[in-house]
Amino acid sequence: MTVTMIICTICIVSVQVVVFGGGSFGTAMACALARQKGDLNVTLLLRDPYVCKDINERHVNTRYLKEYMLPNNVTATTSFVEAIQGAQYAIHAVPVQHSRTFLQSIADILPPDVPIISVSKGLEVGSGKMMSEVIPSALGRKQPAAFLSGPSFAKEIMDLRPTGVVAASKDKNLARELQSLFASPYLRVNTTTDVTGVEICGALKNVLALAAGIVEGLDLGHNAMAALVAQGCAEIRWLAEKMGAKPATVSGLSGLGDIMLTCYGSLSRNRSVGVRLGQGEALADILASSNQVAEGVSTAGVVVSLARTYRVSLPVLTAVAQVLAGALSPKEAVYEIMNLPQIEEH
Ligand SMILES: NC(=O)c1ccc[n+]([C@@H]2O[C@H](COP(=O)([O-])OP(=O)(O)OC[C@H]3O[C@@H](n4cnc5c(N)ncnc54)[C@H](O)[C@@H]3O)[C@@H](O)[C@H]2O)c1
Ligand SMILES: O=P(O)(O)OC[C@H](O)CO
């Protein structure tokens, strides 16, 4: 081996990635990266020291996706400093409603030049902010950021099933960088600068999935499901475009793609909550029965405020918020919607 080759070998520095949140998607994203690039070291930052130990010693996340072995280059820690030290990218997979507190806790440890790639889908209760607004607000500074979204069930990513997502960033170079970082024979990554469109679609599709679940739980049939999802697509388009989203985004992977997946895919947590609501279960009992997040439950109320702010009528998405608040039963919501004035399509 020549001196140059030795120097080059020594110069090969493995890329460090930290993942915030050791839930199902943080775990899936860690694996998607680690499997594809053996020279990557991926560190999951999580809260449970026992899960941490299981990941480091047995390569299993014993709380989420516990049926899968994790690659050896996925490790875990509960230490903010240990997780973030040397990281060139930070994947943010903490549920939206817990993101502000989490980001505030790492603000002084995360270097301001490390890009945050948020995979969290939702709108912050209280502020109504998207993650692209929560991140700088919580950190108290601008931070390079991108948003990865699209039809992507964690379990199917773990199963190496073909998946397509969108990397959205105002910084085209960062979006392209992430396209290279994540792309693999199992994962296609489109890029866009339409951050608002990708975020709004990702957040609202969870609310629509709750409605789809309710229709399923009430056993209203295929006609009703198709009509509901089409109406919901229109409502998401109306609001997204009022907020500046590109039509291509709404009809693309993070819009129509994720709507189809989440409204029709039985792996969806949001859809599953809707099914149980339609079957008559109380929301509190449904949420207490799972350690997984259904982001649409919190986002629904924010959508009502956005509809008011942007002066757009969203009957289906608003009805979901009313059912979740206990103001309407699932059956009453269907009745209300079916008896709205007949309209011209737009
Ligand atoms: N699971 C998927 O298929 C999938 C796919 C794409 C995007 N997402 C999005 O990823 C984000 C993360 O969700 P998930 O599905 O990985 O989570 P999950 O439902 O698998 O688990 C919830 C996670 O949130 C963490 N958490 C709960 N309370 C917390 C707190 N107070 N502070 C910090 N962390 C807390 C839990 O420890 C756990 O890691 C969500 O916004 C979700 O919409 C999920
Ligand atoms: O399980 P859900 O409903 O949170 O959906 C997961 C992903 O967002 C699907 O793209």
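**Reading a ligand shell and a domain interface**

Helix α2 (residues 24–36) contributes 3 residues to the shell around ligand 1, the most of any contributor. The model discussed here is predicted.

User: How many residues surround ligand 1, and which are the closest?

Analyst: The shell consists of the residues that have a heavy atom within 4 Å of the ligand. Here 22 residues surround ligand 1, and Ser24, Phe25, Arg269, Val293 and Glu295 are the closest. By class, 9 are nonpolar, 9 polar and 4 charged.

User: Which polar backbone atom lies 2.7 Å from an oxygen atom of ligand 1?

Analyst: A polar contact is a pair of N or O atoms within 3.5 Å. The backbone atom in question belongs to valine 293. From side chains, an N or O atom of arginine 47 is 3.0 Å from an oxygen atom of ligand 1, and a polar atom of tyrosine 64 lies 3.4 Å from an oxygen atom of the ligand. On its own, ligand 1 has 820 Å² of accessible area, of which the protein covers 85%.

User: Where in the domain division do the shell residues come from?

Analyst: Domain 1 (14–193) and domain 2 (197–338) each provide at least three residues to the shell. The centres of the two domains, taken over C-alpha atoms, are 25 Å apart.

User: What area do domain 1 and domain 2 bury between them?

Analyst: Interface size is often expressed as the accessible area lost when the parts come together. For domain 1 and domain 2 the buried area is about 2,200 Å², with 66% of it on carbon and sulfur atoms. Lys121, Leu123 and Phe153 supply 30% of the area that domain 1 buries against domain 2, more than any other three residues.

Conventions:
Residues numbered from 1 in each chain as written. Chains lettered and ligands numbered in written order. Predicted model: local features only at pLDDT ≥ 70, side-chain atom pairs only at ≥ 80, totals over all residues. Heavy atoms only, no water. Polar contact = N/O pair within 3.5 Å; in protein donor to acceptor, adjacent residues only side chain to side chain. Areas by Shrake-Rupley, 256 points an atom, 1.4 Å probe, with all protein chains shown as cover. Helix = DSSP H or I, 4+ residues; strand = E, 2+ residues; numbered from the N terminus. Nonpolar A, V, L, I, M, F, W, Y, C, P; charged D, E, K, R; others polar. Domains from an automatic or database assignment. Buried area = accessible area lost by both parts, 1.4 Å probe.
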